[in-house]
Amino acid sequence: MSDPLGSQIREALFATPARPEEPEPPPEPPSPQPHSEEAPADLPADLRIDLYRWMRLTRTLDDTMVAMWKQGRGLGGTFSGRGHEGISVPMGLALGPDDVIAPMHRDVGSYLVRGMTPARVFGNLLGRVTGPSEGRDANLHGMGDLSLGIIGYVSHIPQQIPITLGMAMSFRYRGEPRVALTACGDGGTTTGPYHESLNMAALYGAPLVLVVENNQYAYSTPLDQQMATFAITERAAAYGLTARTEDGNDVEAMFRSIKAAVDRARSGGGPTVIEARTMRMLGHAIHDGAEYVPRELLERWEARDPVDHQRRRLLSEGVSGEAGLAEIDAWARAEIDAAVAEAEAAPFPDPGTVSDRIYA
Amino acid sequence: MRELTYIAAISEAISHEMERDPDVLVLGEDVGGDFGGAFKVTKGLAARFGDRRVLNTPLAEQSFIGMANGMALMGLRPIVEVQFADFISTGFDSIVQSAATIHYRFGGKVPWVIRAPSDGGIRSGPFHSQNPEAWFVHTPGLKVVAPSNPADAKGLLCSAVRDPNPVIYFEAKPLYRSLRGPVPEGEHLVPIGEAAVVRPGTDLTVVAYGSQVSQALAAAADLAADGIEAEVVDLRSLKPLDFQTVAESVSRTSRALVVHSANRLAGVGAEVSARISEECFEWLDAPVTRLGGLDVPVPFSPPLEDAYRPDAHKIAAAARRLVAY
């Protein structure tokens with residue numbers, strides 16, 4: 001696989017360190033590893049292009065959202081998922097139609113892949129009645145839609161893990177060949193429910209896949225101030241889960257790994273944790289300039305941006321030509337422009353409905 | 001009608017619902033196998049319905065309640081046992097942040113029941129005696145019930161299991177084996193959100209729920225010997241609250257005494273009392289009065305615990321003061 005820039009950057013292999021005496025830069029992603037034998041070795045060309053297509057749509061949505069909020073066209077705060085597209089998109093694409101997903105707040109790509117339209121996403125972001133929460137929940141929270149198999153996010157990290165465990169357990173209870181997938185960040189791995197749920201998932205053999213989007217910062221706190229060892233994968237394995245570390249900026253590696261985990265869960269092989277190493281490229285939320293992140297760290301990760309990386313790979317391997325990719329880029333731009341126009345024209349909710357839907 | 005203890009009525013409700021609906025299951029600490037839970041409420045269920053439907057969990061309230069959220073979102077109807085109501089705080093986020101908000105935020109349904117063995121008077125100290133219902137009444141999106149007798153214990157639990165919303169069911173431990181009463185066999189539902197006048201009277205209204213209903217009835221018998229006729233309203237559901245039944249009673253008696261075992265400060269009685277003051281002001285002949293636990297942890301030693309909680313004597317004394325006002 002020809003990927004000169006990627007391999008150059010991946011020179012330094014990540015090894016689980018002891019607690020560093022000096023503050024160290026957060027870990028680099030691992031070099032590409034041979035993937036498990038059940039994972040598809042070669043992805044079909046149309047899937048590889050699809051991965052790019054959804055990442056481009058996701059990135060265009062994100063860029064547009066950030067620009068709108070900076071222009072004062074936003075409402076409240078919002079969360080950028082820039083840099084996470086190589087994780088959120090394959091999380092959606094690796095699932096089957098009857099599977100369920102509880103994405104986190106940087107996973108707008110998962111929502112799009114599962115069928116939530118960009119207009120509904122912007123409807124939610126702008127507090128319109130057309131958003132999936134009908135104006136009841138803010139930004140990328142509460143964007144659940146059970147008809148799409150999507151569970152809305154809760155800020156109390158990582159509430160989505162025990163919920164997803166429960167969905168997985170319902171599939172096991174009913175003997176259904178379905179899988180439940182969720183994600184949390186590195187910060188989520190330091191909470192009690194993370195450890196409780198991993199223990200229970202392994203204990204019960206639940207058909208669960210958990211992607212840890214290790215973007216190296218929990219708000220302003222870097223990894224080395226969150227945990228004495230960065231052994232996220234090893235901790236999961238110690239509970240009895242299958243656990244892997246992947247390069248979260250390599251969308252094809254992520255797809256293979258997630259697909260293998262989903263297949264394993266579906267066939268009764270139990271739960272998997274995939275630690276996807278990436279970098280949060282903007283602040284915690286839109287208000288946050290993230291001055292606490294070293295610029296050189298961001299520059300290093302910007303050079304291996306997951307969307308650009310996949311674009312270069314498709315071109316260099318002859319999977320697609322420049323014209324085909326430019327067409328995708330233009331399609332994404334038009335989709336998002338239309339979505340914003342539709343959402344900005346949509347009505348706000350009627351205040352008379354404020355108490356509606358408190359009970360089912 | 002045949003009689004059951006309060007705890008047997010709870011067990012009967014669970015097995016009735018499991019028999020009726022294959023989506024109903026039980027989960028919690030120590031509930032499974034031959035053991036059947038710390039209080040034996042679920043004893044025999046695993047043998048009858050299989051381990052699949054009676055799931056033992058590790059010590060992890062936050063996650064096993066969260067797991068119930070996910071099961072319920074997919075259409076199962078988990079009955080979750082928290083071993084003591086005191087331990088429900090460990091699972092607080094999964095209840096008040098997730099379960100309670102899901103329907104409002106995106107329309108998902110979370111039809112679980114949490115059974116919370118609550119209340120004291122049985123010398124169990126600060127961590128096995130609590131009545132934390134006010135936290136959940138204060139939370140939009142939840143329903144909260146607290147039966148006072150075996151028939152309601154069965155009927156409210158069956159209704160809670162069938163309700164499409166998260167329902168917290170506070171069962172009163174002091175009544176488990178001390179209170180027997182008639183319980184209809186087979187199908188028996190008590191609607192959530194309906195209070196009951198359990199003793200008619202003319203001189204004052206005593207509003208209570210859970211174990212304090214028995215205390216209020218004992219107090220009313222004592223008062224009747226002195227010619228004071230107390231009407232006793234059993235709230236049964238704390239959320240939604242059937243205030244209409246309370247108001248109707250107070251409009252006839254013109255005096256109201258609100259009683260619960262939980263701390264009086266900012267308790268459910270504060271809300272009931274405030275609403276009586278706001279909505280029944282013209283009918284009142286005396287200030288609305290509250291009896292509840294003191295603003296201290298539930299103490300262990302008998303003289304301290306007795307000083308902490310209301311009982312029939314304290315209710316009767318407060319009623320006499322109200323009638324004499």
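Two residues are in contact if their C-beta atoms, placed from the backbone, lie within 7 Å. The model is predicted: local features need pLDDT of at least 70, side-chain atom pairs count only at pLDDT 80 or more, and totals for chains, interfaces and linings use all residues. Residues are numbered from 1 along each chain as its sequence is written, while chains are lettered from A and ligands numbered from 1 in the order in which they are written.

**Exercise 1. Describe the open sheet of chain B and the helix that lies across it.**

Step 1. Helices (H or I, at least four residues) and strands (E, at least two) are DSSP runs, numbered from the N terminus. Two strands pair if DSSP finds at least two bridges between them.

Step 2. In chain B, the order S9-S11-S10-S13-S14 describes an open sheet of five strands with mixed pairing. Its edges are S9 (196–199) and S14 (289–293) of chain B, each of which pairs on one side only. From one strand to the next, the twist averages 25°.

Step 3. S9(B) runs antiparallel to S11(B) (residues 230–234), and three bridges join them. Val197(B) has Val233(B) in S11(B) as its bridge partner.

Step 4. Helix H9 (residues 268–279) of chain B lies across S10 (204–208), S13 (256–263) and S14 of chain B, at about 160° to S13(B). Such angles run from 0 to 180 degrees between N-to-C directions, and axes are lines fitted to C-alpha atoms, for helices over the stretch in contact.

**Exercise 2. Characterise the side of chain A that touches chain B.**

Step 1. The contact involves 34 residues of chain A and 30 residues of chain B.

Step 2. Helix H6 (160–174) and helix H7 (192–204) of chain A each supply at least two residues of this side of chain A. H6(A) gives the largest share, nine residues.

Step 3. Ala, Val, Leu, Ile, Met, Phe, Trp, Tyr, Cys and Pro count as nonpolar, Asp, Glu, Lys and Arg as charged, and the others, Gly among them, as polar. By class, the side of chain A that touches chain B has 17 nonpolar, twelve polar and five charged residues.

**Exercise 3. At what angle do H6(A) and H7(A) pack, and which residues meet?**

Step 1. The two helices pack at about 15°, with their axes 9 Å apart. H6(A) is therefore roughly parallel to H7(A); angles under 35 degrees count as roughly parallel, over 145 as roughly antiparallel, 65 to 115 as roughly perpendicular and the rest as oblique.

Step 2. From H6(A), Ile161(A), Pro162(A), Leu165(A) and Met169(A) meet Pro193(A), Tyr194(A), Ser197(A), Met200(A), Ala201(A) and Tyr204(A) of H7(A). This contact of H6(A) with H7(A) has nine nonpolar, one polar and no charged residues.
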